[in-house]
Amino acid sequence: MEGNGNGGSVRFENGNGNVTNVLPEIHTPKKHDEISVTTLNAQTLDELHFRQKKKSAPTTPVKGIQTPFAILSELERQKLQLQSISASLASLTRETGPKVVRGDPAKKLETHSVAHDTHQHAPPTVAVSDSALKFTHVLYNLSPAELYEQAIKYEKGSFITSTGAMATLSGAKTGRSPKDKRVVKDDVTDNELWWGKGSPNIEMDEQTFMVNRERAVDYLNSLDKVFVNDQFLNWDPENRIKVRIVSARAYHSLFMHNMCIRPTPKELENFGTPDFTIYNAGQFPCNRYTHYMTSSTSVDLNLARKEMVILGTQYAGEMKKGLFSLMHFLMLMRQILSLHSGCNMGKDGDVALFFGLSGTGKTTLSTDHNRYLIGDDEHCWSENGVSNIEGGCYAKCIDLSREKEPDIWNAIRFGTVLENVVFDEHTREVDYTDKSVTENTRAAYPIEYIPNAKLPCVGPHPKNVILLACDAFGVLPPVSKLNLAQTMYHFISGYTALVAGTEDGIKEPQATFSACFGAAFIMLHPTKYAAMLAEKMQKHGATGWLVNTGWSAGSYGYGSRIKLQYTRKIIDAIHSGSLLNADYTKTEIFGLEIPTEVEGVPSEILDPVNTWSDKNAYEETLLKLAGLFKKNFETFTNYKIGKDNTLTEDILAAGPIF
């Protein structure tokens, strides 16, 4: 074989000496000016991967430094941040926190790691344990993308679904454990908090709390890494609360990233010491032989220490509702009303609050494409107006469909946490009808995922306070206008009804009451919240309404549920103000004022007695429900606020009269 050297063919010589032209020779001219050679600034693959990721501007809490934060070196910023976190994780018996460093221990190459500067950290008081030889790596305020990576790599049961949401499991507990919630009873809380019959507050002493705190902190310190979130509660800048959440799971960190208010880098620079800290050691059980413990689960709140400890449950909702309980105490101490309600605002600035238990339509009715969503669950009403406590939404997913709840459906995308859902193994498409894990499937997503969310989530003083009830007895009117005393009465009652099929063993409608429409989370006696609500309504000219989204023309099994289109027309009339100008009549027993006409709603259904064919059955059912209201209210009539202030006669008179 030989080439001609002139760009001709490549020739092959056969065994007889004959030359055959087979392929033309490829000739590339050498034009050095057209070729660019770049030198790679990496010597190994690890170094190449390290250079792939651009470092973010650090955001670290600082306290007591007047110098502009930006001029601090990265090492100084990290040191201040780690000192703050180490102090949070300090063991009370050893008076020091762990040696903490930033970053994931799984990363091999970290050229700027503070771990190289170990001499700056004071050694623990007890130097004989293995913990003195290790670092606890802190993964601080990670982004959703980083938390996805952590969850999928290290947490079994975490997957990316077809829409980009992260599906995960909460373990054995798929709901809250209210019987395992404890509140420290001390000199302050003994007098201020609601204790005893009907109260959600189960007491524990300071010593027992410290035992559980030590157990949680020791567990977190034993881990190679912990997740730390520094975030805010309450969109009202004058009354926001700084919270720190220390947890062992990426799932918990992403959940709180979505549910709390996310600080900007500038806000993190001056974050300082948190107002409240959660130690979530939910993967580790409490000691069942500890005083006050009734199971391996314990959720403990210490208002004096401004701390919360979680042991024995990985259900993320414990953190959300624990912080809500905190706000129910802290805000009232500031004469700010905390509310378990939805809230939206019209284009003219008219704000409405929606109260209602599960199944009453609170989420559906407060989500209105013609109005701005301020929040779906937790709010404060201060002298500045109304503000959302949270930075996200926690929606139920069971039987979710694009047609019924398009906003929630579309919000389930990258960044959203899906709890305990079932999905196709191959396509990763979620089956929202599947209850294999639990019926309490949930989605947690930032509020900005809702298209008509109002950002920031604040608004003026409410004009309407709407109390929703799904009355399966079929005797409450579709809508009633309430005076202040009636608003207080029905707010304290927090009524709805369970129907057959919603819970095992229910064969006929059963009344259920939850004080202030959130009895599990209130800290003070319900009358204190009701009195403050009435005071604010009177001061700012708000009107109270009782809206029944339940049954008409008979109880469940005989009548039919009030059509959603009629309820929406009623809500529209409340928003527009037209319902204030309607003519009203008064019902018997409950003494409710009902309009004689609402645009778009058949007039005959406005007074429930008109829809019942059996008038005697109506009277019997009405008296039965009134008796249930009266019996429930006995819990509150014997309660004294302070030394001599009993429940006012006005509130009692606002209830059913036989």
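Analyst: The charged end of Lys321 sits over the ring of Phe521, 4.5 Å from its centre. To count, NZ of Lys or CZ of Arg must be within 6 Å of the ring centre and within 35 degrees of the ring normal. Mind that the model is predicted: local features need pLDDT of at least 70, side-chain atom pairs count only at pLDDT 80 or more, and totals for chains, interfaces and linings use all residues. Numbering runs from 1 along each chain as its sequence is written, and side-chain values use heavy atoms, with hydrogens and water left out.

User: Which ring does the charged end of Lys225 sit over?
Analyst: That of Tyr154, with 3.5 Å to the ring centre.

User: How do I read a pair of rings?
Analyst: Two values describe an aromatic pair: the distance of the centres and the angle of the planes. Rings of Phe, Tyr and Trp (its six-membered ring) pair if their centres lie within 6.5 Å; planes under 30 degrees apart are stacked, over 60 edge-to-face, the rest tilted. This structure has 20 aromatic pairs. One of them, Phe355 with Phe491, is edge-to-face, at 5.3 Å centre to centre and 80 degrees between the planes.

User: What about Tyr495 and Phe629?
Analyst: Their pair is tilted, 5.0 Å centre to centre with 50 degrees between the planes. Tyr495 counts as buried because its relative accessibility is 3%, and Phe629 does so at 1%.

Key:
Buried < 20%, exposed > 50% of the residue type's maximum accessible area, 1.4 Å probe, protein only.
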